[in-house]
Amino acid sequence: MSAELNAHHWVVLPPLPNRSHWISRLRDAAERANYVLHDWDESQDLNAGARMMLLTISADEARRRQPDDSRIAFILDALDIPLPDQMDQTERHHAIQAASRSFAASTTLPHERVFGPDRLASGAVRLFPDFEVAPPGASPAPSGAMAKALQVYTRGEAVWSGSLLTWNTPATHAEGRSTLDLTGRPRIVVYGPYLEMPTGRWKAVFTLSVDAYACRYLFRADWGGIEDYVSQEFRPGRPGVFEIEMVYDWTTQGACEFRLLVMEGVFHGEISMSDLTVSRVD
């Protein structure tokens, strides 16, 4: 079976919003090029007599089955993850991690084998020497918070909106900042978003604005994996805006977590935190 699979091209198509449109375009292009497009995730029974092109949602699966990267094409088009409003926090975290895992896997392939928004913007692309396909219309420009956050996989940097994080008490999100009343017990103020991070060194930068009351208290910021991470403790000491920069090395691909904690009980005070700017620094 492995030798047979090595003879085939693989197209990796993660859970894009326009995935069904892409499948239709790929099927038509395959027919014109005398291929049969076969969804490997639905069935692994292959027609031995057909010239097949295998479709999968998983880059890891394609690489396990096909050692020749030149026979793998990863389509990374309309970056987004739709998240229903009805999801609770745990469901949302799981959905973000599961969906973003497919996008993160694109970074394990050579750059020329990943067909991202920039390459697809000019129209038809040649995925393989004998196979060309046109995108299903103009690729949507990233607009929502999730779409912008996922640019971390195509550009090596992105802005993660505070609205993607989970807040202990309700926060107001406006113009790149999240504001809340800090009054309460010592606690994790905000955490998330659990996007899957590729291996490498990644930097998170944010600014924290504190008023004359909140500046008195001890804070801690964490950045990294869920169980292993770097931390900074700080007590602002005066009202104002403070920039915090943190760097963490992912030695293996895994979910990320950012946390901001207040380490003392707060009787009065307000903070405002900027969106996170995340970028690769290696």
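Biologist: Where does Asn-34 lie?
Modeller: Asn-34 is in the loop between helix 2 (19-32) and strand 2 (36-39). Helices (H or I, at least four residues) and strands (E, at least two) are DSSP runs, numbered from the N terminus. This is a predicted model, where local features need pLDDT of at least 70, side-chain atom pairs count only at pLDDT 80 or more, and totals for chains, interfaces and linings use all residues. Residues are numbered from 1 along each chain as its sequence is written, and side-chain values use heavy atoms, leaving out hydrogens and water.

Biologist: OK, what is the phi of Asn-34?
Modeller: Near 65 degrees, which is a positive value in a residue other than glycine.

Biologist: And is Asn-34 buried or exposed?
Modeller: Asn-34 counts as exposed because its relative accessibility is 58%. Buried means under 20% relative accessible area, exposed over 50%, and partly exposed in between (1.4 Å probe, protein chains only).

Biologist: What about the phi of Glu-175?
Modeller: Glu-175 has a positive phi too, about 50 degrees, and is not a glycine. You'll find Glu-175 in the loop between strand 10 (172-174) and strand 11 (177-181). With a relative accessible area of 86%, Glu-175 is exposed.

Biologist: Which peptide bond is cis?
Modeller: The one from Gly-192 to Pro-193 is cis, with omega near 0 degrees. Pro-193 sits in strand 12, which covers residues 187-197.

Biologist: Let's zoom out. How many helices and strands does the protein chain have?
Modeller: Seven helices and 19 strands. Along the principal axes, the C-alpha atoms fill a box of roughly 75 × 35 × 30 Å. Of the 282 residues, 50% are buried.

Biologist: Which residues have the most contacts inside the largest nonpolar core?
Modeller: Leu-26, Leu-127, Phe-131, Trp-160, Trp-223, Leu-260 and Ile-271, in a core of 86 residues. A nonpolar core is a set of buried Ala, Val, Leu, Ile, Met, Phe, Trp, Tyr and Cys residues joined through side-chain atoms within 4.5 Å.

Biologist: Take Leu-127, then. What does Leu-127 touch?
Modeller: Not counting residues up to four places away in sequence, Leu-127 touches Val-11, Leu-26, Ala-73, Ile-75, Arg-113, Phe-115 and Val-133. Contact means heavy atoms within 4.5 Å.

Biologist: And Ile-23, which residues is Ile-23 in contact with?
Modeller: Leaving aside neighbours within four places in sequence, Ile-23 contacts Leu-13, Leu-37 and Leu-55. Ile-23 lies in helix 2 and is buried, at a relative accessible area of 15%. Gln-44 is 21 residues from Ile-23 along the chain, and their C-alpha atoms are separated by 18 Å.

Biologist: Now for cysteines. How many disulfides are there?
Modeller: Zero, by the rule used here, where a disulfide is a pair of cysteine sulfur atoms within 2.5 Å. Cys-215 is buried, with a relative accessible area of 4%, and Cys-256 counts as buried at 0% relative accessibility.

Biologist: One last stop: where is Gly-144 found?
Modeller: In the loop between strand 7 (131-133) and helix 6 (145-149). At 28% relative accessibility, Gly-144 counts as partly exposed. Gly-144 and Ser-161 are 17 residues apart along the chain, with their C-alpha atoms separated by 9.4 Å.
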